[in-house]
Amino acid sequence: MSAHGIDLGHAPAVPTARPGSLTARIVSAMTLLNRTIMVLCSIALIAASAILSYSVASRYFFNAATYWQDEAAVFLLVGSTFMSTAFVQSNRGHIGIEALTGYLTRRGNAIRLLIVDVTSLLFCSFFSWKSWTLLHEAWVDGQVSGSTWAPPLWIPYSLMAIGMSLMTAQIALQLASQIDGWRSK
């Protein structure tokens, strides 16, 4: 059994960059960056749960409402979600439909993976670009949320834009590694 069902004996071929190449060195740097960001995202998730727990406790025990906790927790959760996408992609951990994987040859799977990665790169590039335009608009217009606390919206938009840019860079790096791996064969 594989992680996604029955393994029919054909593992997908994912060529990797040649050791010592520029692509391999960039992969190492991106791996370190992704791991560091994941540690920070884990801390942010713990902080979000602590904030929400504080809110519940203050309402229950002290009958005191807090006006900032929901958005602070949402900002932390949204930031963690977007900032961790590159790490998940580096491990190819995003959900994928692999119904054909077991039926294709190694070369067929490599081509399938290349098509999926190119399509993902195009989508994530567009998403990243739109995220940066949202961030720019929020910054220039001084947009704030509609709550009583009214934090600036550039905060979650910046986390979304940076996270999607890292995701785009990760996919581009994986494509470069695949191409570099094919050249070495």
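Asp117 is buried in this predicted model, because its relative accessibility is 2%, below the 20% limit for that class. Asp117 forms a salt bridge with Arg92, and the closest N and O atoms of the two are 2.7 Å apart. The pair links distant parts of the chain: Asp117 sits in helix H4 (residues 106–141), while Arg92 belongs to the loop between helix H3 (85–90) and H4, 25 residues apart. Arg92 counts as partly exposed, because its relative accessibility is 28%. Side chains of opposite charge can pair when their charged atoms come close. A search of the whole structure finds one salt bridge.

The protein has five helices and zero strands, and along the sequence the pattern reads α-α-α-α-α. Of the 185 residues of the protein, 34% count as buried. Among contacts between residues at least 6 apart in sequence, 76% join residues at least 24 apart.

Helix H1 covers residues 22–62 and contains Asn34. Asn34 counts as buried, because its relative accessibility is 2%. What is Asn34 in contact with, leaving aside its neighbours within four places in sequence? The partners are Ala86, Phe87, Ser90 and Gln170. Leu40 also has its place in helix H1. Is Leu40 buried or exposed? Leu40 is exposed, because its relative accessible area is 53% and the exposed class begins over 50%. Leu40 and Ser84 are 44 residues apart along the chain, and their C-alpha atoms are separated by 9.3 Å.

The cysteines can be taken next. Cys41 is buried, because its relative accessible area is 6%. Cys124 likewise counts as buried, at 6% relative accessibility. A disulfide is a covalent bond between the sulfur atoms of two cysteines. How many disulfides does a search of the whole structure find? The search finds zero.

On the surface, Tyr54, Tyr67, Trp68 and Trp149 form a nonpolar patch, with about 470 Å² of accessible area together. One of these residues, Trp68, lies in the loop between H1 and helix H2 (69–83).

An unreviewed UniProt entry lists residues 32–52, 110–129 and 154–176 under "transmembrane region". In the model, residues 110–129 are 100% helix and 0% strand, and the end C-alpha atoms of the span lie 28 Å apart. Residues 154–176 are also 100% helix and 0% strand, with end C-alpha atoms 32 Å apart.

Technical notes. Residues numbered from 1 in each chain as written. Predicted model: local features only at pLDDT ≥ 70, side-chain atom pairs only at ≥ 80, totals over all residues. Heavy atoms only, no water. Helix = DSSP H or I, 4+ residues; strand = E, 2+ residues; numbered from the N terminus. Buried < 20%, exposed > 50% of the residue type's maximum accessible area, 1.4 Å probe, protein only. Contact = heavy atoms within 4.5 Å. Patch = residues over 30% accessible without salt bridge, like charges linked within 9 Å, V, L, I, M, F, W, Y side chains within 5 Å. Areas by Shrake-Rupley, 256 points an atom, 1.4 Å probe, with all protein chains shown as cover. Salt bridge = Lys/Arg side-chain N within 4 Å of Asp/Glu carboxyl O. Disulfide = S-S within 2.5 Å. UniProt positions renumbered as here; feature names shortened; annotations may be inferred.
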